[in-house]
Amino acid sequence: MVTVLFVITFVSSAVVGIVYRITAGPIAGARAAAVVESLGRVLPPFESTKTDTMTLSGVPVTVYTATDADGAVAGYAVETASNNGFSGPVRLMVGFDPDGTVENIDVLEQTETPGLGTRMAEEDNPLLASVRGRNPARMQLVEGGIAVRKDGGDVDALTAATISSRAWCEAVNRAWTAYRSVALGEMPSDAATGASDAATGATATTADVMEKGGDHE
């Protein structure tokens, strides 16, 4: 019996390992392609990107500095996240104009409750409407960051999805901190930075950015 169980375990582990090795590449490629598409959605037209990585409060963050054909900064896109969603992590791509105004926000990953927290990915959702076209520095800040109205801020939360809305705000605040670090040199005390590396091309390509119940109160 012990021998049989050992053989079954060994074979199962081997199969899992083989499947992982086969799928790891395509999965990584798909994620990189999704990032490239997201950059196009949150930034104005650009020619190339430079990448900076850092860790803020234990969460990895990537800042893409986009430049035009003349080398001028077209904007900044920040791949950010919160681990405090109702059902799991919330990953966003937040685009900023050079002056810090939010250009657009794209949801990269979320597993929130359908019809409630998942609305954060909809184009006309109240969270996005509250911040797009605005500079967070000119919003009603709570402890230095944007917040939903229930917490004293001026961001309209998703109906019956306060936890998801707070996670979304947390991710945006992390992106804003990263933007200020790269664009303005305001390094936060809880940041650990990584080496920067440049990525160029007529437009961003996949190779440029290869990387890495109910929702209510």
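Contact means heavy atoms within 4.5 Å. The model shown is predicted: local features need pLDDT of at least 70, side-chain atom pairs count only at pLDDT 80 or more, and totals for chains, interfaces and linings use all residues. Residues are numbered from 1 along each chain as its sequence is written, and side-chain values use heavy atoms, with hydrogens and water left out.

**View 1. Overall fold of the protein chain.**
The protein chain holds three helices and seven strands. Helices (H or I, at least four residues) and strands (E, at least two) are DSSP runs, numbered from the N terminus. Read from the N terminus, the order is α-β-β-β-β-β-α-α-β-β. Of the 217 residues, 42% are buried. Buried means under 20% relative accessible area, exposed means over 50%, and partly exposed lies in between (1.4 Å probe, protein chains only). The accessible surface is about 10,800 Å². Carbon and sulfur atoms account for 57% of that surface. Accessible areas come from the Shrake-Rupley method with a 1.4 Å probe; for residues, only the protein chains shown count as cover.

**View 2. N173 and its contacts.**
N173 sits in helix α3. Its relative accessibility is 18%, so N173 counts as buried. Leaving out residues up to four places away in sequence, N173 touches G145 and I146.

**View 3. The salt bridge between R91 and E109.**
A salt bridge is a side-chain nitrogen of Lys or Arg within 4 Å of a carboxyl oxygen of Asp or Glu. The count by this rule is ten. One of them joins the side chains of R91 and E109, at 3.3 Å from N to O. R91 belongs to strand β4 (residues 90-96) and E109 to strand β5 (residues 102-109), so the pair ties together parts 18 residues apart in sequence. R91 is buried, at 14% relative accessible area. E109 is partly exposed, at 30%. The pair is also part of a network: salt bridges link E79, R91 and E109.

**View 4. The salt bridge between R174 and E170.**
The side chains of R174 and E170 form a salt bridge, with N to O at 3.1 Å. Both residues are in helix α3 (residues 162-184). They are four residues apart, which means a separation of about one helical turn. R174 is buried, with 11% relative accessibility. E170 is partly exposed, with a relative accessible area of 23%.

**View 5. The salt bridge between D156 and R149.**
D156 pairs with R149 in a salt bridge. Their closest N and O atoms are 2.5 Å apart. D156 has 32% relative accessibility and counts as partly exposed.

**View 6. The largest nonpolar core.**
A nonpolar core is a set of buried Ala, Val, Leu, Ile, Met, Phe, Trp, Tyr and Cys residues joined through side-chain atoms within 4.5 Å. The largest core has 32 residues. L92, F96, I105 and W168 have the most contacts inside it. Two or more residues come from each of β1 (48-56), β2 (59-67), β3 (73-82), β4, β5, α2 (126-131) and α3. The most come from α3, which gives nine. Which residues does L92 touch, not counting residues up to four places away in sequence? They are V78, E79, T80, I105, D106, V107, L108, W168, A171 and V172. Another core, of ten residues, lies apart from the largest one; V42, F46, Y64 and A66 are among its members.

**View 7. A nonpolar surface patch.**
M1, V4, L5 and I8 make up a nonpolar patch on the surface. Together they have about 440 Å² of accessible area. Patches are made of residues with over 30% relative accessible area and no salt bridge; like charges are joined within 9 Å, and nonpolar side chains (Val, Leu, Ile, Met, Phe, Trp, Tyr) within 5 Å. L5 lies in helix α1 (residues 2-42). At 48% relative accessibility, L5 is partly exposed.

**View 8. Positive phi at E143 and A160.**
Most residues other than glycine have a negative phi. E143 has a positive phi, near 55°. The phi of A160 is also positive, near 60°. E143 is in the loop between α2 and α3. A160 is found in the loop between α2 and α3 as well. Is E143 buried or exposed? E143 is exposed, at 86% relative accessibility. A160 is partly exposed, at 38% relative accessible area.
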